[in-house]
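Let's take a walk through this structure together. Keep the viewer open and turn the model as you read.

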Amino acid sequence: MLPTFLPLSKNVSGTGGKICRYGTQIFPLIAVVLFFSGCALMTPGYSIDPSLGIPASAQVSGVPFFAQEAYQCGPAALAMTLTWSGVPIQPDELVPFVYTPERKGSLQNGLITGARRHGRLAYPFHGLDCLLREVAAGRPAIVLQNLGLKWLPKWHYAVVIGYDLDARQIVLHTGRSAMRPVGLRTFMHTWRRGDQWGLLTLPVADMPICSETSAYLKSVLGLQQAGYVADAVTAFGKAAVQWPQSVEARMALGNAQYALDRLPAAVESFQRALELDPSNGPAMNNLAHILGEMGQLDTAEAMARRAISTGGPFIDLYRQTLDDILRKMK
Amino acid sequence: MRRSRNLQRLVASLVAVSFCFFSIVVAPVQAAMVTTPDIFQVQDNGLAREKVRLFLQRQDVGNYLQAMGVDKQEAQARVDTMTNEEVRMLVNKIDQMPAGGDGLGFVLAVFIVVFVVLVITDIIGVTDVFTFIKKR
């Protein structure tokens, strides 16, 4: 029996090492479970798209390693990527932000909001292609792995800091091991059970490589909700450049500029939104409101009436805008 | 019918009042601006109802976090920083969301499995771990 266990046991220890909580004594037990489950090692393989245009190997520099304490892989992983992004922080300091005591772990949303509350753009993504492209571009990524089995999960956060496609390896800061190479196949087994969920924590100057308009805008909105309005203006501005046809990007930018009292800039954003979508009621309303605040009451009134004529779910708001303007005119 | 409409109105106004205590930093409350979350929202006729629902969902997620040992202020801060979409994805299934770091359940389960395996192998007489099991 024993010889059968050994290779399996070795394989399992490769999935992420000292896990969130327990030492190596657990691995023979896992091997027994794996042995009796039978199917765990038979999931299909992975493939890498050659058109990604990424180098065969890459390593992100400047990612510190923090060995995790019991149950604290979430705070440890986030502390590593935040520190890399220019927010020096220790795992202990992040525990109150991300940890959920009764769950004895950190929810994905805890990491997301935790990153935002430290002024970083939290951008979730899925899949190996995105992961490799981000790492190749020099960004570390937090990944959610299930180191156990589907029906016997052991959830874990690690930080991907490199890969080597020739050696078929992913390099992780994980648990208590820094720069731990893990076989790509094993990594994919554990990551697939975590829905291939990854998270970037970026300074607003950086855009995710795998960014998609709506997901990016929502990430920036989250940052704005965390109180980093000026950073949100920067990031919405980048979105407006990246996706020049996006009405939503212009509107979000306009609202954030308005929140910072940058009225002329906000006016310009809403005007651009209206050029892109001439029948956009919310853009007319917000433009009317700001023009009203700036004292350009005639233009504001005309714009508010235009908004009302478009109808739609916000019509009460449009009417209120017009009332406000008319009151100012008296 | 009319009664239920009145009730809806009451609930809506109660919620509207409680919105004032809810700190979303997107736009000043008094400004008649269409906010960014609303712009991102699907623009259907049920917007008012959707807003009420979202508000309640935010409360649900906040209450869950509190029940899971996060203190009230911190739970509120976390929920405030989530986008509407994130709240919608979380609500109803937050129990099943993975929490990275959980070890105890896993280890218990491993021990139970090993125990069951050994009981079975004891019963069929391959092993002799537990004296309370009659061997064949």
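This is a predicted model: local features need pLDDT of at least 70, side-chain atom pairs count only at pLDDT 80 or more; totals for chains, interfaces and linings use all residues.

Residues are numbered from 1 along each chain as its sequence is written, and chains are lettered from A and ligands numbered from 1 in the order in which they are written.

Let's start with chain B. It holds six helices and one strand, and from the N terminus on its elements run α-α-α-α-α-β-α. Helices (H or I, at least four residues) and strands (E, at least two) are DSSP runs, numbered from the N terminus. Of the 136 residues of chain B, 26% count as buried; a residue is buried if 20 or more other C-beta atoms, placed from the backbone, lie within 10 Å of its own.

Where does the strand of chain B go? An open sheet of three strands has the order S2(A)-S3(A)-S1(B), with antiparallel pairing. Strands count as paired if DSSP finds at least two bridges between them. The edge strands, each pairing on one side only, are S2 (99–100) of chain A and S1 (99–100) of chain B. Strand S3 (residues 105–107) of chain A is joined to S1(B) by two bridges, and A:Ser106 has B:Gly100 as its bridge partner in S1(B). Helix H3(A) packs on this sheet, touching S2 and S3 of chain A together with S1 of chain B, and its direction makes about 60 degrees with that of S3(A). Helix H5(A) lies across S2 and S3 of chain A, at about 75 degrees to S3(A).

These two helices also meet each other. The axes of H3 (residues 73–84) and H5 (residues 108–116) of chain A come within 11 Å and cross at roughly 35 degrees. Axes here are lines fitted to C-alpha atoms, for helices over the stretch in contact, and angles run from 0 to 180 degrees between N-to-C directions. From H3(A), A:Gly74, A:Leu78 and A:Leu82 meet A:Gly110, A:Leu111, A:Gly114 and A:Ala115 of H5(A), where contact means C-beta atoms, placed from the backbone, within 7 Å.

Next, look at H6 (residues 128–136) of chain A, where eight of nine residues are buried. Among them are A:Leu131, A:Leu132 and A:Val135, as well as A:Arg133 and A:Glu134. The buried residues pack against several elements of chain A, including S4 (121–126), H7 (184–192) and S9 (197–202). Just after H6(A), A:Gly138 takes a positive phi of about 90 degrees.

Our last stop is the pair H8 (residues 213–225) and H9 (residues 229–242) of chain A, packed at an angle of about 165 degrees with axes 8 Å apart. H8(A) and H9(A) are therefore roughly antiparallel, a label for angles over 145 degrees. Their contact includes A:Tyr216, A:Leu217 and A:Val220 of H8(A) and A:Ala232, A:Ala235 and A:Phe236 of H9(A).

Terms used. Two residues are in contact if their C-beta atoms, placed from the backbone, lie within 7 Å. A residue is buried if 20 or more other C-beta atoms lie within 10 Å of its own, exposed if 12 or fewer, and partly exposed in between; C-beta atoms are placed from the backbone. Angles under 35 degrees count as roughly parallel, over 145 as roughly antiparallel, 65 to 115 as roughly perpendicular and the rest as oblique.
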